[in-house]
Amino acid sequence: MINQKTVASSISPMASSSSSSSTHQWKYDVFISFRGEDTRKSFTDHLYTALCQNGINTFMDDRLRRGEQISPLLLNAIEESRFSIIIFSGNYAFSSWCLDELAKIIECVKVMGHKALPVFYNVDPPHLRHQKGILAEAFAKHEQIYRENMGKVVKWREALIELATISGWDSRNRHESKLIEEIVRDILNKLVAISSSYMNGLVGMEYCIEAMDSLLSLRSFDVRMIGIWGMAGIGKTTIAKVVYEQIYTQFEGCCFLSNVREQSQKFGLPYLQTELLSQILKEMNPSSRLLNKGINSIKDVLCSRKVLIILDDVDQRQQMEDLAGDHNWFGLGSQIIITTRYRHLLTCQEVDATYEAKKLDNDEALKLFCLHAFRHKHGMEDFRQLCGHALNYTKGLPLALKVLGSSLYAKSKNEWKSELEKLKQFPDKEVQNGLKTSFEGLDDSEQNIFLDIAFFYKGHDKNFVGEILDSCGFFFSIGIRNLEDKSRITILENKLCMHDLLQEMGWEIVRQNSEVPGKRSRLRAHKDINHVLTTNTGTEAVEGIFLDLSTSTELNFSIDAFAKMKRLRLLKICDLQIDRSLEYLSEKALITYPHDVWMRRKYLYNKGHSYGEPKFLSNRLIDLCWHGYPLKSLPSNFHPEKLVELNMCFSRLKQLWEGKKEFDKLKSVILCHSQNLTKTPDFSIAPNLKKLILKGCTSLVEVHPSIGALKKLIVLDLEGYKKLKSLSRV
């Protein structure tokens, strides 16, 4: 066996799971064409064994050939092979099957990039070019048999002449074992060169191959299971493919099972078990005896073999259990690589190590985008600014960079502008479809948490959002952990983060649920909210509204517009410039927030005008944030028992409410710069209040003494009062 060292070269998660590559362009590395009666049980058998032992995926037809018509299976196998080794022996040219194979090989050389490698086995190579001696005898026979189809014979002659021009091996006066070793080494070197050339078309981080090399154990006898995880479209499959290309020649058997999630849904796990054995054993149809044993057959076949197996896009524990259940299934030195969006599956499988595929940085993203938009790695100078807009949209996601770049190829500057403007309203379908499976794999509670984060809470404090969504009955703690494990969200410094394209996907999923805005579960687009509020077309379907006043135009609506939204639980009408600067700062930062910053925040009351007396707000509200609330008080019939946050900065409130209410869940009240507020309510109805911000309420005269009984109050801000007279017993 020839030892082949690991090739260290840069690989990158640059392409999506659906990208084409050489791993499925070629099914086999080598096709062997030979005359059975000459070499089947000698040279050809020894060569085939040596190739397989070195992990070279080789096709050899071992059946006895009968009849004149070559099998379509053989023609397909030639097309699906990178190389063909033609063992030209004394009786090769007497076989019409062999000559048909040769003609097909030469055809593939000319049109498909196929490589032909002749072995002149005990024959004189010049005889092929001149077609003398035994070749003349063979063709005299063929011309007699095919006198009605001389075109076929002419084609064979031309193929032999072509073969004679190709450099190959002459077996005469050589030890066969040395010759076979030389052939195998040459094939291995060519495969490595092909792999390196494949990577030249990729863009990304050299760190990727270094990281994977450190996780694998190629120089030891350990059986290793390595997981590659990350969000959809991030390039997990590409990483696995390039690693496979780099190292598969070092194994006795190899298998790349693509799209396990999709294939198991369509055909079931027994089909994938068959495919795994077929690739490892290099048999089109493994024996029924093996297949009937299922998992045990995989164990029996693989326990003594050093194998490389890639399980791509796994989404269920059962898939791993049935295809690669345990380390002891495999021979010493085997490597199992699993790609998935679900980090938790890798934990359950007890893999030896995991690698998280990351988005590309700006330089790498630009190179990849330009590779598809301009077919080279540098953008045209006139498109520099537009390239920047494209990168801002794709945010380093390889799938989006490739799809968007390809869609803009050979388009004019005006067409670029039009496409990028269109994406602001209508996301690219191919990208969305690639990401949508990320949503479909969630349970109902996880879907609700995902959508609420996408619409309302991206970038917000995890603990704060947890209190809100727990009150919605969404089991936040386990739900957010699962979303993180499934690569839907990330948590950085306790903030909930989500890729912009996943967020956009969430918006699009809700939008597609109904053409009528008032019948959608969540509203965020200003035009949709304007339509619902000004036409009073809201329905019970609406659960959440998010209106950013900092980017909206003037909006006029009646308070009664909310009357039909009886299931409304999240209402956020806010100026994000204020929202981001105050609401979700840490408790320490809130206490020390400088007064002069507030004085520079000029709130524009004229953004949202509402009229009428407050008659109805949903009692299911859990988060009520309304900057610049225009009325003097909340509706008298407003009894939101599950309300967690009440945020009414810059409101025109004089008082919050009158009479006895129950706010057992209320944790946060923010009324800063509500300059008409004269007194606070009785806080004994909110025993769990943690945060009370009354900064800048310059007309405040009295704070209810019940504030002193709030045992859980952590943050209290009363800065900026000029008229405060009573703070008794606080």
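This is a predicted model: local features need pLDDT of at least 70, side-chain atom pairs count only at pLDDT 80 or more; totals for chains, interfaces and linings use all residues.

Trainee: Which elements give two or more residues to the lining of the largest pocket, and which gives the most?

Mentor: The elements that give two or more residues are the helices α19 (384–394), α21 (413–422), α26 (500–513) and α27 (526–535), together with the strands β13 (522–523) and β14 (544–548). The most comes from α26, which gives 8 residues to the lining. By class, the lining of the largest pocket holds 15 nonpolar, 7 polar and 15 charged residues.

Trainee: Now to the helices: how do α13 and α15 lie relative to each other?

Mentor: Two packed helices are described by the angle between their axes and the distance between the axes. For α13 (residues 269–281) and α15 (residues 295–302), the axes come within 10 Å and cross at roughly 15°. Angles under 35 degrees count as roughly parallel, and α13 and α15 are therefore roughly parallel to each other. The contact is made by Q273, L276, L277, I280 and L281 on the α13 side, and by I295, S297, I298, V301 and L302 on the α15 side. Sorted by class, this contact of α13 with α15 has 8 nonpolar, 2 polar and no charged residues.

Trainee: At what angle do α7 and α8 pack, and which residues make the contact?

Mentor: Helix α7 (residues 134–145) and helix α8 (residues 150–164) pack at an angle of about 160°, and their axes are 10 Å apart. That angle makes α7 roughly antiparallel to α8. From α7 the contact takes L135, F139, H142 and E143, while α8 brings M150, V153, W156, R157 and L160. These residues divide into 6 nonpolar, 1 polar and 2 charged.

Trainee: And what about α23 and α24, at what angle do their axes cross?

Mentor: The axes of α23 (residues 444–457) and α24 (residues 462–471) come within 12 Å and cross at roughly 125°, which makes α23 oblique to α24. Their contact is made by I449, D452 and Y457 of α23 with F464, V465, I468 and L469 of α24.

Key:
Residues are numbered from 1 along each chain as its sequence is written. Side-chain values use heavy atoms; hydrogens and water are left out. Helices (H or I, at least four residues) and strands (E, at least two) are DSSP runs, numbered from the N terminus. Ala, Val, Leu, Ile, Met, Phe, Trp, Tyr, Cys and Pro count as nonpolar, Asp, Glu, Lys and Arg as charged, and the others, Gly among them, as polar. Axes are lines fitted to C-alpha atoms, for helices over the stretch in contact, and angles run from 0 to 180 degrees between N-to-C directions. Angles under 35 degrees count as roughly parallel, over 145 as roughly antiparallel, 65 to 115 as roughly perpendicular and the rest as oblique. Contact means heavy atoms within 4.5 Å.
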